[in-house]
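This report describes selected local features of the structure shown below.

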Amino acid sequence: MPDLLIELFSEEIPARMQAQAADGLKKLVTDALVERGLLYEGAKAFVTPRRLALAVHGLPGRQADQREEKKGPRVGAPDGAIAGFLKSAGLSSLDQATVQSDPKKGDFYVAVVEKPGRPTPEVIAEIIPAIIRSFPWPKSMRWGSGSLRWVRPLHSIVATFGAEGDEPEVVRFEVDGIVSSNVTYGHRFLAPAPITVKRLDDWMAKLEAAKVVVDRDRRKDIILNDAKDLALANGLELVEDEGLLDEVAGLVEWPVVLMGAFEERFLDIPDEVIRATIRANQKCFVLKNPATGRLANRFLLISNLVASDGGAAIVAGNERVIRARLSDAKFFWDTDRVNGLESRMPRFQSITFHEKLGSQAERIERIRRLAVEIAPKVGAAPALAEDAALFCKADLLTEVVGEFPELQGLMGRYYAEGEGLAPEVAAACEEHYKPQGPGDRVPTAPVSIAVALADKVDTLVGFWAIDEKPTGSKDPYALRRAALGVIRIVLENGLRLRLADVFTGHFKLADQDIIRTANEARIKRVEDALGDQGGAVVGNDVAMWVSRKFGDRTADSRSIDLLSFFADRLKVHLREHGARHDLVDAVFALEGQDDLFLLVERMTALARFLDTEDGRTLLAGYRRAVNILRIEEKKDGRAFTGPTNAALLKEPAEERLADAIEQVKRRVATAVAAEDFETAMTALADLRGPVDAFFDAVTVNDQDPALRENRLKLLDEIRAATRGIADFDRIGG
């Protein structure tokens, strides 16, 4: 079957747009072909800095003929309806239509419209120009006097169609003066002459001979393997960088790896700063000295041509630029160390964190107070946690972080170590941002944990307090990520932390900053009116200010709302690890379930129990009891809540159930208090037999109203017994 080859040859396509453009071309073309009845066997897109291409394999030579029956008006319909039918069906008279009968609607006209399929090249010639004119580039341009918009000036279009072994035909069309052909061009400098191509294999082979590697993945492999080989030949190791590899593969058509060097004096700069400097400015890879474990004063650059001088001029040019950039980085590094972290702290007072949440200095103070509060609960020394919280943001005002924001935290650790701060404090300066994503590790050192939790909780509480919550897909302050970070830190470190208490106390603290920020002028008037006592009055009346500003939204109510947000994030986190989200709901529904580690332990034990025969049977019995209870409560317009009246327990089965419920309640309560959830589940399993026996032997809706009410209360006692573990109403399927 014939194959299609399309190549759009232009000036350099930005590397960041190439992968998306290749995927977009493939989808647009193949969707358009399928929509027109042209099914294909396979398709592959290619992209280099100067060309966007697509090969579609196994296309038919022409569209299939189509036959369609078009139903018309009834016989004897008005002339206007008849005329409209003839026009839409492409008929010249009713003699070309047939008459069909319908028992209900009578006789009506039917036109059989036969549409012959068109040759595939003709369809392609219609599809491709429309796709080119409307291609969704993130940014595009016009050039010359034409009207076409493309990412960079488009020079030529290859469009061939033909079967293996045949001479393919050129699919003829024109876009803004550019006429399709079978001619492309090789490497801009090494082989710029025109090249006549046929189909995919011929196109790839001829371009390879013209110093163009069209397959992006193959270019990446060439770069990576040649870089490793060159590093090894010099006794060094390549520091791999997948993101940089993706980028440089989009900058070259014929990759050539060259090695350059810089002065050893720059190795005094931290490795991460050297790497960021060389990567950001010259798109070069750095090398590591295996003997020292640190960077070597060498780098690898990826050239786009084979130079006559072996690349000496190219290397020298890159060395010159890198030397200048590293000189800047060294100046920043030295300047930052001279000034010190503490000297930067006053500047935070004039930097706004958020217009409703005050300055960065106020935020740091909130983090400090919360870190000191959390520290004993996570095994950290409060004094160390306080120091770490005070300095954890200081590197944001350093020269290096100003130049390379991605190094924030890490540079804080370097500066803290250089100033002789405690190792725990230095580590917390870096680790308090973690985890920053699903693949990032969580901090494990107690001081780092305390500051990381304080930082994330302050963010969540602050934005909850000003009602800036995530909505739908919008989460501009990354609150979902912050909550997930808290969850992972707690669970992966096995921490026992009552979040409700932490939230409530911090809401009260945040409210003070919010009120002071939002009502600064008003507070000043109070202080002016009351003299020196004004500040004390304002401080003592924070609750009044909060009430006026937030109405009924107290710290407790907002803590509950924030906890529900955590429940949603926890469900997402656990679902990704194979857990059932309905069990999270069932456990979270009970009061006081704000200890995430304990909650997951309870949920895990519940999941194991429900996977047993005892668990499944008890759940079925529970649902039967609750369904009966709900129906009768709705019928009577009242709730039936225990305890039962022992004197009205007439049947042995209901007596045994009542005794079992009381015993299970006590055993479950004791086990839960001891945080022994396996024992609690074992106790709950003992209800299975009495519940089954009760439904087999006892009629709940007895004619005696007193017996009926007592038995309904007994059903409610089943619900009460299970509530010691979870809200079974929320357990699904």
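## Negative surface patch

Glu651, Glu655, Asp659 and Glu662 gather in a patch of negative charge on the surface. Patches are made of residues with over 30% relative accessible area and no salt bridge, like charges being joined within 9 Å and nonpolar side chains (Val, Leu, Ile, Met, Phe, Trp, Tyr) within 5 Å. A salt bridge is a side-chain nitrogen of Lys or Arg within 4 Å of a carboxyl oxygen of Asp or Glu. Asp and Glu count as negative, and His and the chain ends are not counted; the place of a charge is CG of Asp or CD of Glu.

Glu651 is located in the loop between helix H23 (613-636) and helix H24 (652-673). Its relative accessibility is 34%, so Glu651 counts as partly exposed (buried means under 20% relative accessible area, exposed over 50%, partly exposed in between; 1.4 Å probe, protein chains only). Helices (H or I, at least four residues) and strands (E, at least two) are DSSP runs, numbered from the N terminus.

## Basis of the model

The model is predicted: local features need pLDDT of at least 70, side-chain atom pairs count only at pLDDT 80 or more, and totals for chains, interfaces and linings use all residues. Residues are numbered from 1 along each chain as its sequence is written, and side-chain values use heavy atoms, with hydrogens and water left out.

## Nonpolar surface patch

Val34, Leu39 and Tyr40 form a nonpolar surface patch with about 270 Å² of accessible area together (Shrake-Rupley method, 1.4 Å probe). Leu39, in the loop between helix H1 (15-35) and strand S2 (42-48), counts as exposed because its relative accessibility is 58%.

## Leu590

Leu590 lies in the loop between helix H21 (581-588) and helix H22 (596-610) and is buried, with a relative accessible area of 13%. Beyond its neighbours within four places in sequence, Leu590 is in contact with Arg602, Arg723, Ile725, Ala726 and Asp727 (heavy atoms within 4.5 Å). Leu590 and Ala726 are 136 residues apart along the chain, with their C-alpha atoms separated by 6.5 Å.
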